[in-house]
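I opened my notebook to get to know a structure that was new to me. Here is what I looked up, entry by entry.

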Amino acid sequence: MDNTTQFVLKQKELFTKTGSVTWESPSNIALVKYWGKNPDQIPANPSISFTLNTCKTTTKLSYELLDVPSNKFEFELYFEGELKEDFKPKVVTFFQRIEAYVPFLKSYRFKIETSNSFPHSSGIASSASGMSALALCVMSLEQEINPDLTKQAFVQKASFLARLGSGSACRSIEGPLVCWGKHQEISGTTDLFGVSYPYLVHDNFKNYQDTILLVDKGEKQVSSTVGHGLMKGHPFAERRFEQAHENMSKLIQILKQGDLKNFIEIVESEALTLHAMMMTSLPYFILMKPNTLEIIQKIWKFRKESNTHICFTLDAGANVHILYPEQEKDVIMEFITKELVAYCQNEQYICDSIGNGADKL
Ligand code: PMV
């Protein structure tokens with residue numbers, strides 16, 4: 001059993017009175033998907049993701065020591081410059097979950113100012129970038145209180161806290177490839193936080209591209225909490241969790257050898273399996289839109305004709321992430337703009353690539 005007590009900050013005197021810190025943290029896109037969880041945000045299977053570079057949340061946390069600790073979390077929250085009361089419950093839940101590990105939270109009054117680099121309600125999940133940015137800000141305050149914290153301990157605890165906000169957020173602290181969830185063959189992996197993928201990665205995957213097609217910018221049809229819940233008692237869940245372990249194992253060789261053909265097979269299969277799980281749960285959902293399928297068909301046709309290594313992956317929604325090697329960028333971008341952009345809502349898409357994780361500003 002993993003030990004969480006290592007993450008509890010021992011009682012410290014709070015000399016840090018006022019200040020502020022700003023972090024910029026990216027989103028990430030899973031290659032092997034996390035879908036299904038146990039209590040305390042423990043994943044039902046291991047996952048691995050590319051950290052993104054452009055899709056980011058920037059969060060400034062200003063803090064002021066209270067004369068006496070409050071009995072509730074004292075904070076106001078601004079999103080893109082506007083006071084957002086309706087975003088507060090998510091932060092309260094997050095603070096409740098992490099309070100045992102950062103017991104100073106009720107001793108401060110906070111102002112949280114946050115914004116995203118990608119359009120709001122673009123259908124791009126902001127929970128990974130948003131929760132990781134906030135977790136990092138809280139950790140910077142902990143660092144002020146406890147200057148002995150090592151860099152490694154800082155990074156691990158930031159990921160540990162981010163996980164309690166949104167599971168996939170724990171994979172956004174570092175890059176370019178991050179694993180989360182215990183896997184037999186990948187050393188250092190744990191259910192408690194994300195770790196940088198520790199083995200050799202072929203140059204084929206260097207600066208890999210992700211062009212995100214915004215097919216449907218509406219509210220998510222199924223929240224991820226509900227989605228993960230649907231895996232409980234799902235008739236295919238256990239086999240699916242085993243498959244995720246197997247796919248992670250296969251990826252070790254694929255990443256080492258730069259084997260793009262088998263990489264594509266795993267990535268696309270993972271995306272379709274995630275959606276298949278939702279089509280076969282009770283209640284059942286179809287999260288793709290007709291245009292998602294049009295895009296997938298076009299990608300398959302173009303891949304065959306062009307001999308390129310374009311492939312797709314999906315989150316729990318209708319948008320399509322198109323992944324491809326940097327050296328094929330020109331021909332693939334031409335295909336995307338000529339043939340695929342028409343299937344996007346308002347012709348919107350985002351050009352991103354693999355990144356190295358969060359930065360303190
Ligand atoms: O972090 P959550 O609870 O929003 O779950 C995200 C799950 C997927 O994005 C669908 C897959 C993944 O591994 O990121």
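This is a predicted model: local features need pLDDT of at least 70, side-chain atom pairs count only at pLDDT 80 or more; totals for chains, interfaces and linings use all residues.

Entry 1: Next I looked at how the two side chains sit together, and I found a salt bridge between Lys 157 and Glu 142, with 2.6 Å from N to O. Where in the fold do the partners lie? Glu 142 belongs to helix α2 (residues 127-145) and Lys 157 to helix α3 (residues 151-165), so their pairing ties together parts that are 15 residues apart in sequence.

**Entry 2: the wider count.** How many salt bridges does the structure hold? I noted 13.

**Entry 3: an exposed pair.** Are Lys 301 and Glu 305 buried or exposed? Both are exposed. Their side chains form a salt bridge too, at 3.3 Å from N to O. I traced both residues to helix α7 (residues 290-306), where they are 4 residues apart and therefore separated by about one helical turn.

Entry 4: Then I turned to Arg 239 and Glu 246, which form a salt bridge whose closest N and O atoms are 3.3 Å apart. Arg 239 is partly exposed, and I wrote down its relative accessible area of 46%. Glu 246 is partly exposed as well, with 36%. Which residues share partners here? Arg 239, Glu 242 and Glu 246 are joined into one network by their salt bridges.

Entry 5: I listed some distances to oxygen atoms of the ligand.
- For Ser 224, a side-chain N or O atom is 2.8 Å from a ligand oxygen.
- For His 228, a polar side-chain atom lies 3.0 Å from a ligand oxygen.
- For Gly 167, the backbone takes part: an N or O atom there lies 3.5 Å from a ligand oxygen.

Last, I asked how much of the ligand the protein buries. Taken alone, the ligand exposes 380 Å², and 92% of that is buried by the protein.

How values were computed: Residues are numbered from 1 along each chain as its sequence is written. Side-chain values use heavy atoms; hydrogens and water are left out. A polar contact is a pair of N or O atoms within 3.5 Å; within protein, one must be able to donate a hydrogen and the other to accept it, and residues adjacent in sequence count only if both atoms are side-chain atoms. Accessible areas come from the Shrake-Rupley method with a 1.4 Å probe; for residues, only the protein chains shown count as cover. A salt bridge is a side-chain nitrogen of Lys or Arg within 4 Å of a carboxyl oxygen of Asp or Glu. Helices (H or I, at least four residues) and strands (E, at least two) are DSSP runs, numbered from the N terminus. Buried means under 20% relative accessible area, exposed over 50%, partly exposed in between (1.4 Å probe, protein chains only).
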